[in-house]
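This report goes through selected local features of one protein chain.

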Amino acid sequence: MAIDFMTEAQAQRDELIERRRDFHRHPELAFEEHRTAGIVADELAALGLEVQTGVGKTGVVGILEGADAGPTVLYRADMDALPIQEENTTDYVSQTPGKMHACGHDGHTAIGLGIAKLLSHHQADLRGTVKFIFQPAEERGRGAEFMIADGALEAPAPDYCLGIHLWNDLDVGAVSVVSGPTMSGAGLFEITISGKGGHGAMPHQTADPIVCSAQVIVALQSIVSRNVDPLDMVVITIGTIQGGSARNIIPQTVTFNGSFRLFREATRELIKSRIREVAEGVASGMGCRAEVDFGLGIGAVVNDAEVAARARQVFARFGDAVEIVEKPWMASEDVGLFMQRNPSAYLLVGSANQERGLDYPHHHPRFDIDEGVLPLSVGLMSSLIADYLGAD
């Protein structure tokens, strides 16, 4: 008799919602996820999993052994929140000023625990191992790196890697399953423009770094429109600007930070070289000097075609309850580090509900999700994992 994972997941609905709301009330930033990690570790241990804590600082690993030998499937969820002041008015609003779950990681953690609970009830039917990874610091792009350095991909090494991201660009019931690049790679940069400060009434005596910065910022967009192949997808964004101390003073320096997104790694060096050349060239022409520093780079998230096809096949069993789409997205994720060694897939599960106003974008202070996505995700991913481990 086939196991009805979706029905069993729906039976967890109230528990999943309460767990997600608890995490939402108590957000923790990168490498500060002590409370969240403690709850995760306790829950996994209570289910009989072998648990490791402190992996990659605040990460948790849980291992569920099936009754018979078989492949190891890694399932990854992230736990960290964002430094955003929440503007929602729900009864589960963040209780920590200046911090909130504005990207769905509270739901990811609750879903991961739900999958672990559901599959642990069918341990006797599993032929192989499920390795649960609860990762810190995804938003800083370092959590996966730190966990891997601490041995998260060893003992046992996974044969497959799976994961999901709740996604408010899709309505509940839609699941994006892409073969190939599904989320972009990213790079970070900081540019400091140094000029000659002076009195705001006598700009001719200065080399104004504010005006120069404005010209550089505009010129950087020409990289996308004039240097990158039009069939390639690249985004360059400036996120912060700091400079000046008073309205009548031309400052000495201005610093701004940005990021770029890309799908083809071959494009990365072109973007970096052009950012440097444009910044330095424009600054020189305006009597200023530009210093360009590049930070952490993250590769694109690339799905294995066969794993993606298998996910589509399994999800098709649920008929009209699931709409499968294939669309890549420009957001970035460090889950790709877990996926580099094995056939893997990272899936985007729709979490928006426009009729209820639950469609604010990720990283917005009013971000929230339709919580019906929680049992749906547990049912979908439990079914896919069990399909790899021979549970009918």
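## Cysteines

The disulfide count is 0, a disulfide being a pair of cysteine sulfur atoms within 2.5 Å. In general terms, a disulfide is a covalent bond between the sulfur atoms of two cysteines. Cys103 is in no disulfide, and its nearest cysteine sulfur, that of Cys161, is 18 Å away. Cys288 is in no disulfide either; for Cys288 the nearest cysteine sulfur belongs to Cys212, at 4.2 Å.

Cys103 counts as buried because its relative accessibility is 8%; buried means under 20% relative accessible area, exposed over 50%, and partly exposed in between, with a 1.4 Å probe and protein chains only. Cys288 is also classed as buried, at 10% relative accessibility.

## Basis of the values

The model is predicted, so local features need pLDDT of at least 70 and side-chain atom pairs count only at pLDDT 80 or more, while totals for chains, interfaces and linings use all residues. Residues are numbered from 1 along each chain as its sequence is written, and side-chain values use heavy atoms, with hydrogens and water left out.

## Helices H6 and H8

Helix H6 (residues 209-220) packs against helix H8 (residues 268-285) at an angle of about 145 degrees, and their axes are 9 Å apart. Axes are lines fitted to C-alpha atoms, for helices over the stretch in contact, and angles run from 0 to 180 degrees between N-to-C directions. Helices (H or I, at least four residues) and strands (E, at least two) are DSSP runs, numbered from the N terminus.

The residues that meet are Cys212, Gln215, Val216, Ala219 and Leu220 on the H6 side, and Ile275, Val278, Ala279, Val282 and Ala283 on the H8 side. Contact means heavy atoms within 4.5 Å. By class, this contact of H6 with H8 has 9 nonpolar, 1 polar and no charged residues; Ala, Val, Leu, Ile, Met, Phe, Trp, Tyr, Cys and Pro count as nonpolar, Asp, Glu, Lys and Arg as charged, and the others, Gly among them, as polar.

Thr267 lies in the loop between strand S11 (253-262) and H8. With 3% relative accessibility, Thr267 counts as buried. Not counting residues up to four places away in sequence, Thr267 touches Val228, Asp232, Val234 and Leu262.

## Leu166 in strand S5

Leu166 is part of strand S5 and counts as buried, at 0% relative accessibility. Leaving aside neighbours within four places in sequence, the residues in contact with Leu166 include Cys103, Gly104, His108, Val349, His362 and Ile369. Leu166 and Ile369 are 203 residues apart in sequence, and their C-alpha atoms are 8.3 Å apart in space.

Thr129 is in strand S4 (residues 127-135) and is buried, with a relative accessible area of 7%. Its side chain makes a polar contact of 2.8 Å with the side chain of Glu65. A polar contact is a pair of N or O atoms within 3.5 Å; within protein, one must be able to donate a hydrogen and the other to accept it, and residues adjacent in sequence count only if both atoms are side-chain atoms.

Beyond its neighbours within four places in sequence, Thr129 is in contact with residues including Ile63, Glu65, Val73, Pro156 and Leu389. Pro156 sits in the loop between helix H5 (143-149) and strand S5 (160-171). The peptide bond from Ala155 to Pro156 is cis, with omega near 0 degrees.

Most residues other than glycine have a negative phi, and most peptide bonds are trans. Phe31, not a glycine, has a positive phi of about 65 degrees. The loop holding Phe31 runs between helix H2 (13-25) and helix H3 (34-46), and Phe31 is buried, with a relative accessible area of 12%. His363 has a positive phi of about 70 degrees and is not a glycine; its place is in the loop between S16 and H11. His363 counts as partly exposed, at 40% relative accessibility.

Tyr360 is in the loop between strand S16 (344-352) and helix H11 (373-388). At 25% relative accessibility, Tyr360 counts as partly exposed. Leaving aside neighbours within four places in sequence, Tyr360 is in contact with Asn168, Arg366 and Phe367. The side chains of Tyr360 and Arg366 are joined by a polar contact of 3.0 Å.
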